[in-house]
Amino acid sequence: MSVIYLLISISIIVAIAFLIAFIKAVKSGQYDDDYTPSVRMLFDDEIVKKENPNKLIQTEKQKSI
């Protein structure tokens, strides 16, 4: 039973350490992205994936009915 208490306490300590590291990274600006917003307008016209051709045929058949 004492092993469970040990594992729970260690996991809480590790979770708190990760939370502190995450907060420190966010405050230091590690996740700020200054480049992408400036070039986003260049990538708006990306090629759209083609739809399923069978779906197109089904819709044309439904229109003719």
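The model is predicted: local features need pLDDT of at least 70, side-chain atom pairs count only at pLDDT 80 or more, and totals for chains, interfaces and linings use all residues. Residues are numbered from 1 along each chain as its sequence is written, and side-chain values use heavy atoms, with hydrogens and water left out. The protein chain comes to 3 helices and 0 strands.

**Confidence**
- The average pLDDT of the protein chain is 79, and 66% of the residues score at least 70; pLDDT is the predictor's confidence in each residue, from 0 to 100.
- Helix 1 has the highest mean pLDDT among the elements (97), whereas helix 3 (residues 53-64) has the lowest (55).
- Where pLDDT is low, the predicted coordinates should not be read in detail.

**Secondary structure**
- From the N terminus on, the elements run α-α-α; helices (H or I, at least four residues) and strands (E, at least two) are DSSP runs, numbered from the N terminus.
- The 26 residues of helix 1 should span 38 Å, and its end C-alpha atoms are 38 Å apart, which agrees; the expected span is 1.5 Å times one less than the number of residues.

**Surface**
- Of the 65 residues, 3% are buried (buried means under 20% relative accessible area, exposed over 50%, partly exposed in between; 1.4 Å probe, protein chains only).
- Met1, Ile4, Tyr5, Ile8, Ile12, Ile16 and Ile20 make a nonpolar surface patch of about 760 Å² (residues with over 30% relative accessible area and no salt bridge; nonpolar side chains, namely Val, Leu, Ile, Met, Phe, Trp and Tyr, are joined within 5 Å, like charges within 9 Å).
- A salt bridge is a side-chain nitrogen of Lys or Arg within 4 Å of a carboxyl oxygen of Asp or Glu.
- Ile20 lies in helix 1 (residues 2-27) and is exposed, at 54% relative accessible area.

**Aromatic contacts**
- The structure holds 1 aromatic pair, a tilted one between Phe22 and Tyr31, with 6.0 Å centre to centre and 45° between the planes.
- Rings of Phe, Tyr and Trp (its six-membered ring) pair if their centres lie within 6.5 Å; planes under 30 degrees apart count as stacked, over 60 as edge-to-face and the rest as tilted.
- Phe22 is partly exposed at 46%, whereas Tyr31 is exposed at 56% relative accessibility.

Key. Accessible areas come from the Shrake-Rupley method with a 1.4 Å probe; for residues, only the protein chains shown count as cover.
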